[in-house]
Amino acid sequence: MTDAALPDALVAIREDFLALDVRDRLQLLLEFSNELPEVPERFAARPELLEPVPECQAPIAFITEIETSDGEPRVHFHASAPPGAPTSRGFASILAQGLDGLTPDQVVAIPADYPLTLGLAEAVSPLRLRGMTALLTRAKRQVAERLAS
Amino acid sequence: MPVAVDDTEPKFAEYAHPERLVSTSWLAEHLGEPGLVVVESDEDVLLYETGHIPGAVKIDWHLDLNDPLVRDYVDGEGFARLLGSRGISRDTTIVLYGDRSNWWAAYALWVFSLFGHPDVRLLDGGREKWVAEGRELTISSPDVAPVPYPVVPREDGAIRAFKEDVLEHLGNPLVDIRSPQEYTGERTHMPDYPEEGALRGGHIPTARNVPWARAVAEDASFRPRAELEGIYGDGGDGSGLGLGADDSIITYCRIGERSSHTWFVLTHLLGIPDVRNYDGSWTEWGNAVRVPIVKGAEPGLAPVR
């Protein structure tokens, strides 16, 4: 595991998952799923701004923003996924909570294998986890592009 | 004690094997009956936890039915452990239901059939219809008392085809269940689905393309027999596939789940005895070395042997 660059919020989420047995990890993922915030109105009205994630089984889309507060650039991550797709919603919600407020450099430095370290492979299957890995990879790429532009 | 067959639906009576389906209203009335176990099997692994039919247990294709190492299904011992742990014995009536018009439920039914479980049925319309009708859902886990289930060897021969069987079969009817874009080779995976990595796009020579969803009405239930005959039979005017009871048929898709749905239609609703599902499907065929494929909208010709 490549831990050096992992921000505290993502460390805490991982510790929460790994402290549970496999069945309860699913319940925690369901809680995340229920906590996924609505996409802000300015994006909800313009879904074409959101980037689709075809690697997920459900129609899911996201957008990252960089906002400067207290002189420091901060990342916000918004995602939309239908209620009938709780697994994808759970993945998106983990990233929404784990990425929110990080600096762009911190986001870019998140190890790409983070989703594989949550102990979810036995709970949801490795194939389904690919959707979350893709979501993280795309979010990192989008933030890197915003930094460069 | 055997659980009665649902004889309340006139539509079912027209099917070849009406005992393989139950309606939502029949299930609502029979919930909790001794000898009946309801099983939810979904694409989304968390959907069951968001609310399920009262008393239903969960079986997940990825986690429960697959062998974790070999690309294959569990063996007789694994199957016995799984079903016993869900309170299912060999004489239990199983009713399967799930999301996406029962794709994964039909897949589970097909796998259960590899082990010859005698009485396994689908809930017509699946989870969608049950939810749309505002029927009861619960998040509480059922109290399941494990029961013994015998170790029955899996019998792949009759309803499962391997790559070698498909090569041998060429010249006989093949039904490709995927989207038209996957069939022609424009794309190698389903829109909005994980890329499962096929190196070649196209279809197995001579396969005809009938996307699985054509068998399903808007409320996710199966179309009446006459409409199914129109699609898979001669269509009255030759517009259908022309399949009949004397044909030997193989169905396939991407990983074998959508084609289980069509396998169910051909086998249990239309009563065609010799239908096999090729679960290796395009993720195997599209990557296999030196197997013939055809690109484009035409079925193509069987290679000369």
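So, how far apart do the C-alpha centres of domain 1 and domain 2 of chain B lie? They're 22 Å apart.

Quick housekeeping. This is a predicted model, where local features need pLDDT of at least 70 and side-chain atom pairs count only at pLDDT 80 or more, while totals for chains, interfaces and linings use all residues. Residues are numbered from 1 along each chain as its sequence is written, chains are lettered from A and ligands numbered from 1 in written order, and side-chain values use heavy atoms, with hydrogens and water left out.

Okay, chain B. Domain 1 is 10–133 and domain 2 is 163–286, with bounds from an automatic or database domain assignment. UniProt, in an unreviewed entry, puts "domain: Rhodanese" at 32–139 and 174–294 of chain B; bear in mind that such annotations may be inferred rather than shown by experiment. Over 32–139, chain B is 35% helix and 15% strand, taking helices as DSSP runs of H or I with at least four residues and strands as E runs of at least two.

Now the interface between the two domains. On the domain 1 side, 26 residues are in contact with 30 of domain 2 of chain B, contact being heavy atoms within 4.5 Å. The buried area is about 2400 Å², with 64% from carbon and sulfur atoms; that's the accessible area (1.4 Å probe) the two parts lose on being put together, summed over both.

What about polar pairs? The rule finds eleven residue pairs in polar contact across that domain interface, both residues at pLDDT 80 or more. That means N or O atoms within 3.5 Å, where within protein one must be able to donate a hydrogen and the other to accept it, and sequence neighbours count only if both atoms are side-chain atoms. On the domain 1 side, the elements giving two or more residues are H1 (10–14), H5 (99–114) and H6 (126–132) of chain B. H5(B) gives the largest share, ten residues.

The rule finds one salt bridge: A:Arg128 with B:Asp60, closest N and O atoms 2.9 Å apart. There are also four residue pairs in polar contact across the chain interface.

Definitions and conventions
A salt bridge is a side-chain nitrogen of Lys or Arg within 4 Å of a carboxyl oxygen of Asp or Glu.
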